[in-house]
Amino acid sequence: MIHPLLPFTLVGLLFGIGLYGVLARRNAVLLLIGVELMLAASGLLFVTVGSLTTDAMRSGQVLTIFVITIAAAEIAVALAVVLAVFRARGTIDLAQAGEDD
């Protein structure tokens, strides 16, 4: 069995990079990538905690499948919105979006 320090470190690293991407980036696609990294970190956390506990229902793994499903739906809708914004404005820079309105 793998020591839990490595997955927890990876979870912290993935979530930190994703949070930086959400807070620092002005490009809508890069913001979505940051959100996806944070969702991947949460999935890894669920699987790690699920493997450390003696849960007969495998709640961590099942919840991870739910998170992956939600993430796939979220990215499909978000990319459609980004594409629509790009077609309407010609840019996906989030800093300019508030100035034009």
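Thr 48 is buried in this predicted model, with a relative accessible area of 7%. That value is under the 20% cut-off, which is why Thr 48 counts as buried. You'll find Thr 48 in helix H2, which covers residues 28-52. Which residues does Thr 48 touch once its neighbours within four places in sequence are left aside? The contacts are with Pro 7 and Phe 8.

Now hop over to helix H1, made up of residues 5-24, where Gly 16 has its place. Is Gly 16 buried, exposed or partly exposed? Gly 16 is partly exposed, because its relative accessible area of 36% falls between the 20% and 50% cut-offs. Gly 16 and Val 85 sit 69 residues apart along the chain, and their C-alpha atoms are separated by 28 Å.

Time to zoom out. The chain has four helices and zero strands, so reading from the N terminus the elements simply go α-α-α-α. How does the chain compare with a compact globule? With a radius of gyration of 17 Å, against the 13 Å that the globule rule gives for 101 residues, the chain is more spread out than a compact globule. Along the principal axes, the C-alpha atoms fill a box of roughly 55 × 25 × 15 Å.

What about the record? The unreviewed UniProt entry carries the annotation "transmembrane region" for residues 6-23, 30-50 and 62-86.

| Residues | Helix | Strand | Distance between end C-alpha atoms |
|---|---|---|---|
| Residues 6-23 | 100% helix | 0% strand | 26 Å |
| Residues 62-86 | 100% helix | 0% strand | 36 Å |

Of the 101 residues in the chain, 19% are buried, and Thr 48 is one of the buried residues. The accessible surface comes to about 6800 Å², and 74% of that surface belongs to carbon and sulfur atoms. As for contacts between residues at least 6 apart in sequence, 57% join residues at least 24 apart.

How values were computed
Residues numbered from 1 in each chain as written. Predicted model: local features only at pLDDT ≥ 70, side-chain atom pairs only at ≥ 80, totals over all residues. Heavy atoms only, no water. Helix = DSSP H or I, 4+ residues; strand = E, 2+ residues; numbered from the N terminus. Buried < 20%, exposed > 50% of the residue type's maximum accessible area, 1.4 Å probe, protein only. Contact = heavy atoms within 4.5 Å. Rg over C-alpha atoms; globule rule 2.2 N^0.38 Å. Areas by Shrake-Rupley, 256 points an atom, 1.4 Å probe, with all protein chains shown as cover. UniProt positions renumbered as here; feature names shortened; annotations may be inferred.
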